[in-house]
Amino acid sequence: MSVAALNKHTGWSNDRIETAAEVLEERLAATAGALVLLRVGGGYQLATRKDLYEVLHWEREKIDTLSAMAMEVLAIIAFKQPVTRADVEKIRGVSSERLISALLQQNLIVDLGRKDSPGRPILYGTSPYFLECLGIDSVDDLAERMPKEVEPEGEITESEALPPDEEEHDDRTLTKDNE
């Protein structure tokens with residue numbers, strides 16, 4: 001439940017809600033019960049402890065999983081948001097319209113409005129449900145969950161991406177190869 005919703009339902013200030021959440025979190029930890037209080041998506045969620053998964057999990061008949069392509073689009077949107085469909089397609093090199101539509105239907109991404117540019121394309125970003133699914137409070141926490149061997153060491157420029165012997169040249173320039 002979001003802090004704003006808690007504020008609306010209880011009439012408490014944000015500071016009082018934060019204090020109450022800290023007290024509840026401490027009490028749950030002290031009793032060593034099955035529940036923990038998680039801070040997710042700018043709010044709070046009661047959940048079972050991770051170590052009790054094997055004891056308490058239920059078998060589902062159908063598990064909705066994302067394809068590798070959908071995960072790729074979702075990752076691009078999560079790390080580059082706000083982003084347009086054209087930006088996603090430029091990064092991937094292929095059409096992403098159906099994947100973005102599917103992610104919208106699953107409530108993993110949301111329409112953030114329109115970009116102030118010609119054509120006024122839709123800007124996409126991740127939803128609070130996406131944060132809840134990952135068990136994180138904000139998109140800033142994604143970098144902390146990223147495996148160290150995958151983390152980029154810095155932006156690669158276009159000149160660094162080309163091998164030194166395949167320097168880019170303009171075909172209109174007269175060279176020995178294109179005389």
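Reader: Why are Arg85 and Glu89 separated by about one helical turn?

Author: Because they're four residues apart in helix H5, which covers residues 85-92. Helices (H or I, at least four residues) and strands (E, at least two) are DSSP runs, numbered from the N terminus.

Reader: Is this a real experiment or a prediction, and what do the residue numbers mean?

Author: This is a predicted model, so local features need pLDDT of at least 70 and side-chain atom pairs count only at pLDDT 80 or more, while totals for chains, interfaces and linings use all residues. Residues are numbered from 1 along each chain as its sequence is written, and side-chain values use heavy atoms, with hydrogens and water left out.

Reader: Ok, back to Arg85. What else does its side chain meet in a salt bridge?

Author: Glu97, at 3.7 Å from N to O. That pair links distant parts of the chain, with Arg85 in helix H5 and Glu97 in helix H6 (residues 97-105), 12 residues apart.

Reader: And is Arg85 buried, partly exposed or exposed?

Author: Partly exposed, since its relative accessible area is 33%. Buried means under 20% relative accessible area, exposed means over 50%, and partly exposed is in between (1.4 Å probe, protein chains only).

Reader: How many salt bridges turn up in the whole structure?

Author: Seven. One of them joins Glu18 and Arg39, with the closest N and O atoms 3.4 Å apart. Glu18 lies in helix H2 and Arg39 in strand E1, so this pair ties together parts that are 21 residues apart in sequence. Glu18 counts as partly exposed at 26% relative accessibility, and Arg39 counts as partly exposed at 35%.

Reader: Let's zoom out. How many helices and strands does the protein have?

Author: Nine helices and five strands. Along the sequence the pattern goes α-α-β-β-α-α-β-α-α-β-β-α-α-α.

Reader: Which way do E1 and E2 pair?

Author: In the antiparallel sense, over six bridges, with E1 at residues 35-40 and E2 at residues 43-48. Two strands pair if DSSP finds at least two bridges between them. For Leu38, the bridge partner in E2 is Gln45. The two strands form a hairpin with two residues between them, and Gly41 in the turn has a positive phi of about 55 degrees.

Reader: What about the other strands?

Author: Three strands make an open sheet in the order E3-E5-E4, with antiparallel pairing. Strand E3 (83-84) and strand E4 (109-114) stand at the edges with a single partner strand each, so one side of each is left without a neighbour in the sheet. E3 and E5 pair over two bridges, and Thr84 has Leu123 as its bridge partner in E5.

Reader: I clicked on Thr126. Where does it lie, and is it buried or exposed?

Author: Thr126 lies in strand E5 (residues 122-126). It's buried, because its relative accessible area is 10%. Leaving aside neighbours within four places in sequence, its contacts (heavy atoms within 4.5 Å) include Ile77, Leu108 and Val139.

Reader: New topic: which residues touch the most other members in the largest nonpolar core?

Author: Val73, Ile77, Leu103, Ile109 and Phe130, out of 18 residues in that core. A nonpolar core is a set of buried Ala, Val, Leu, Ile, Met, Phe, Trp, Tyr and Cys residues joined through side-chain atoms within 4.5 Å. Helix H4 (68-80), H6 and helix H7 (128-134) each supply at least two of its residues, and H4 gives the most, with six.

Reader: What does Val73 touch?

Author: Leaving aside neighbours within four places in sequence, Val73 is in contact with residues including Val88, Leu99 and Leu103.

Note on methods
Contact = heavy atoms within 4.5 Å. Salt bridge = Lys/Arg side-chain N within 4 Å of Asp/Glu carboxyl O.
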